[in-house]
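Colleague: Could you take a close look at one part of this model for me, the aromatic rings and the strands around them? I'd be glad of a connected account.

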Amino acid sequence: MIRTFLISIFFLLNTDLLQAKEIIKTTISGMVCPMCAQKIEKSFKGSIKDKTIAKFDVDLDTKIVTFELADNKKLSDEQITTGIKNAGYLVKKIERLKQ
């Protein structure tokens, strides 16, 4: 009985780890105004609409765009770089974190 309980706990913990949301912090060069933020958000509108991106934030002070991905969704560095370039800006750094 205890063994079954411990195995159940182990699987529950591992399932939570596998489903951890990924946070992507992207440092951008060239953002200076609210219109910049709107252009970047528009560039990722499709990914927001199809729920790949659960949460999206542009911080003009730090020049960081933060993407929170939905469970089991992926956004490659290439997709991020292309989206930022299409909006007219350059990617300086991409940092991936698990929440």
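Modeller: Happy to! Let me begin with the ring rule: rings of Phe, Tyr and Trp (for Trp, the six-membered ring) pair if their centres lie within 6.5 Å, and the planes count as stacked under 30 degrees apart, edge-to-face over 60 and tilted for the rest. Please keep in mind that this is a predicted model, where local features need pLDDT of at least 70 and side-chain atom pairs count only at pLDDT 80 or more, while totals for chains, interfaces and linings use all residues. Residues are numbered from 1 along each chain as its sequence is written, and side-chain values use heavy atoms, with hydrogens and water left out.

Across the whole structure, the search finds three aromatic pairs. One of them joins F44 and F67: the ring centres are 4.9 Å apart and the planes meet at 65°, so this pair is edge-to-face. F44 sits in the loop between α2 (34–43) and α3 (45–49), and F67 is in strand β3, so the pair ties together parts that are 23 residues apart in sequence. Helices and strands here are DSSP runs numbered from the N terminus, with at least four residues of H or I for a helix and at least two of E for a strand. F44 and F67 are both buried, meaning under 20% relative accessible area; exposed is over 50% and partly exposed in between, using a 1.4 Å probe and protein chains only. Ring pairs also bring in F56, so that F44, F56 and F67 are linked into a cluster.

Now to the strands. β2 (residues 53–59) and β3 (residues 64–69) run antiparallel and are joined by six bridges; strands pair if DSSP finds at least two bridges between them. Among the bridge partners are D57 and, in β3, T66. The two strands, β2 and β3, form a hairpin with four residues between them, and K63 in that turn has a positive phi of about 65°.

V58 is another β2 residue to look at. Leaving aside residues up to four places away in sequence, V58 touches M31, A37, I64 and V65, where contact means heavy atoms within 4.5 Å. The C-alpha atoms of V58 and T26 are separated by 9.5 Å, although these residues are 32 apart along the chain.
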